[in-house]
Each structure stands twice: as structure tokens, then as C-alpha cells.
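Have a look at the model first, then read on.

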Amino acid sequence: MNYEKQINNKIKTEVLVIGGGSAGSMAAIASGKEGRKTLLVERYGFLGGTSTTILDTFYGFYIPGTSNRKVVGGIPDILLEKLHQRKAMLLRPNTYGAGTGVTYDPEILKVVWEELVNEANVDILLHSFVADVVMEGKKIRGVIVVNKSGFTLVEADVVIDASGDADVTALAGYPYDGIGSHIPVQSLTTTFRVGNVDEQRTKLFNKNQMWDWMKEANQSGKYFLPREEGSVHITTLPGVMATNMVRLAIPDPTNIIELSKAEILGRRQALEYFRFMKDYLPGYENSVFLNFSTQIGVRETRRIIGEYTLTKEDVLEARKFEDAIVLCGAPIEDHHNQTGTKWEYLPADETYQVPYRCLIPKDSVNLLVAGRCLSATHDAHASVRSMGQCMGMGQAAGIAASLAFENNCRPLDISIEMLQDKLRSYGAILEG
Ligand SMILES: Cc1cc2nc3c(=O)[nH]c(=O)nc-3n(C[C@H](O)[C@H](O)[C@H](O)COP(=O)(O)OP(=O)(O)OC[C@H]3O[C@@H](n4cnc5c(N)ncnc54)[C@H](O)[C@@H]3O)c2cc1C
């Protein structure tokens, strides 16, 4: 499409980051800290992506098992410290599942993301959607951003696609996997929060008991609970509980017609789970419904085809790589589109390394990705997608983009040694 007539604004930057989620915000912060002129473009009016629209617990910082080892560090630690200072976080020890979770107040996190981005001198465009790319051969010259001010052409030396859905990668014509492949993408979840809960009384039942009651309620025919499992957990706010129960499967969450239907069904399902909670769960008798997630939670869409694709074997055999940028010990947690969830663990206390090459789309010239759209198979993705790892990837992508700019080279051609030295100087954990 020819936008020349509509473009009423032009911006030039050194590093452009699309998507202000855990990966993108961290990438922009790292690039800004490295002294690059950096612009962060986000479609919502606040930062955080899934971390502030849907969730309240970072997984991936700690590995499951008894050692409780912390495996993500660096700039993400500054974020945790800021939440701690504001008394807006707590640790939820968990030897099973994905390990100890860092539960935070998502409203405070919005401000913490902004603080970090501002401190790194990053420019931000909120309420701005990337609708297209302008190519020069295989190179991305810039992107077209649409917002209330009209159409803006943002030209950039290096682009980081942290849109979750790999929007920029797809628009640029680079190959991807995920949607459209023979393995269905993971299911979607509308999260919701409940207030005025008697926390003492909730200790009268455990998860298994709750799942039995869900089955009973479903079999009675009086409730519609497609997932007879799921979880509810404490938050940083007294008497407020957060849930992960709703489950919906659609073939392509980037298909806006399917996604629109899922949003509506997700909220309907959430109210049904709340009705069940009030009727069955001790402590919820006088509870009130507080809020739905800002949008339905999308776990998986496009995964880029990168210079390397992380595999199930890499995960379960705890493999190591020379171009490691992040560690991960999280199990494969596949919320497949049937009713259950499949868990597969690494050997006890082990971690695998995420290679830098997973962030570089094949055949690209000046593009990196970070976050859940990395190059990984469906199974490996189900392990590496936690927000701790997304932040780690973002941190690495931001530094790598800066190195590519400084050396006037492709992200693929930067010195891995320099990238890893810089990561370590920030406190990133690369070995273990
Ligand atoms: C229901 C659910 C439960 C989960 N539970 C946990 C959990 O408890 N703990 C955990 O650690 N992980 C959990 N995960 C996984 C984790 O949250 C995600 O994998 C991770 O947050 C992805 O981060 P990201 O930065 O890659 O993407 P996102 O956080 O999705 O960020 C992408 C950003 O890009 C923006 N964007 C997208 N397209 C455009 C565009 N074209 N133009 C401009 N902006 C755009 C979006 O608005 C968003 O801000 C869960 C995921 C889901 C869906």
C-alpha cells in the first residue's frame, strides 16, 4: 500500500522497539542505557504488555525444585528492586510448577516500567500501532505507525520486534512458524480478580479439592467450566485473589474475527468460574468480582524462524550454547487446546541456555526479536516464554542492537564475546 500521501510525520531513531511488554520495555531500556537514541512504540496507553494487562506473577526468575536458584539477573533486578521499595511485590515459593513466583501489583508495575524507560532516556509513543513496514530490499528502512495523530514513518537503523505476535517480522516477509502449522497454538485465558475474600477460610481447601468441586459442578449441568483445573492465588492486596482458569482455543489469535469472539466468550466464561467460586469455595461467600484482564491472554502465535530454533531436546537435556544470553529452568508447560495442561521437567536443578541466534530472523539485515515470538518449537516455547526469560531476551536484544549500530553491521555479525561481557557487566546470569 502506498502511504506517502497519508504520512504526516517522520521520526528517525537509531534503535526502534515495537511492543512495550516485558521483552520490549527491557530491550528499550538496555538500548537506552547503552547510549542509543531509542524509540519504544506501544499500542496501549501504558507499558508492560502481558505483565500489566493480564498477569501479576513473574515466573522464570527462579528454577523449580528445592534449590530455589535465581537464574535471571541484570536490569530485571532493578525492576524487582523498584517493586520491592514500593512494597508492591512478594515471593510465592513453589517447588513444583515454574518455581518461585514474584507476585507484584500490576498497577504499580505500569509506573515502574515508565520510570525505568524514562531513566534510560528512551522516547515513547503510546497509543500507537505498527501497521506496516517500509523495506529497502531485505532491510527494514522503517515502520508505519498509526495513531490519533495520523500516519508516522519511523526510520531506524536497527529494529527490535517485541510485539509478541512477531508483527514486524511477518510484515517484512520473513518466515515464521506457529499459527498455521500442524500443531495447534496454546489456548487463551481471560484472567480475573476477586475481592473481599476471607483469606483464612481459603486455607480450608487445596487445589485438588477445588478441581474435584469443579468436576462436580460441571457434572451437575448447572455450570459451564470447560477447564476442570486452573488456579487461584493471593495477590499483594489483602482479600484480593487472582485466577488463571478460563480456557479457550482458537486456531489463530492474530485473526481479529476469531480473537473478537474469544474476548466475548472469555469474559462470559470468567463470570461462570466466579459463580462457581462463590457457590463452592470456602472464603468466597461474600466475594465480589473486581476486574477482567484488559484483554484475553494469548500464549502463542507466530514464532519466528531464526538463525537457530530452540528445541524440546535442548530444553529437556539442559543443553548449553556458545552464544548463550539467558538461562531457563522452567518446565515445558503446555496449555494445549484440550482441557488439560502438560508438564515436562528438566533434570533436577538444571537449566538450559537460550542462544542469541534464536532472536535473529533468518535472512534479516537489521531486525532482532525478543520475547515470546523467538525462534523455538512449540514445546520449547512452552518452557521459555515466562516473563523472566522474556526480560532476559529483551535485555540481550537491546545491547545487541546497540552493538550492531556501533559497528555498522548486521545483528548476526556482532561479537558474541562483547555481547556476553556487556550482559555480565549488567549482572545478567549466563552460566549455571
Ligand atoms: C494467560 C497467560 C498466563 C501466563 N502466565 C504466566 C505467569 O504466570 N508468569 C509468567 O512469567 N509468564 C506467564 N505467561 C507467559 C508470559 O506472560 C508471556 O509469554 C510474556 O509476557 C510475553 O512477553 P512479550 O514481551 O514477548 O509479549 P507481550 O507482553 O505480549 O508484549 C507485547 C507488546 O507489544 C504490543 N504490541 C503488539 N502488537 C503491536 C503492534 N503491531 N504495534 C504496537 N504495539 C504492539 C502489545 O500491546 C504488548 O504490549 C502467561 C501468558 C498468558 C497468556
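## About the model

This is a predicted model, in which local features need pLDDT of at least 70 and side-chain atom pairs count only at pLDDT 80 or more, while totals for chains, interfaces and linings use all residues. Residues are numbered from 1 along each chain as its sequence is written, and side-chain values use heavy atoms, leaving out hydrogens and water.

## Around the ligand

The ligand has 33 residues around it, and Glu42, Arg43, Thr57, Arg385 and Met387 come nearest (near: a heavy atom within 4 Å). By class, this shell holds twelve nonpolar, 15 polar and six charged residues (Ala, Val, Leu, Ile, Met, Phe, Trp, Tyr, Cys and Pro are nonpolar; Asp, Glu, Lys and Arg are charged; the others, Gly among them, are polar).

The protein buries 95% of the 1,000 Å² that the ligand exposes when taken alone (Shrake-Rupley method, 1.4 Å probe).

## Tyrosine 174

Is tyrosine 174 buried or exposed? Tyrosine 174 counts as buried because its relative accessibility is 2% (buried: under 20% relative accessible area, 1.4 Å probe, protein chains only). A polar atom of its side chain lies 2.3 Å from the backbone oxygen of lysine 138.

Tyrosine 174 and proline 361 are 187 residues apart in sequence, yet their C-alpha atoms are 6.8 Å apart in space.

Conventions. Buried < 20%, exposed > 50% of the residue type's maximum accessible area, 1.4 Å probe, protein only. Polar contact = N/O pair within 3.5 Å; in protein donor to acceptor, adjacent residues only side chain to side chain.
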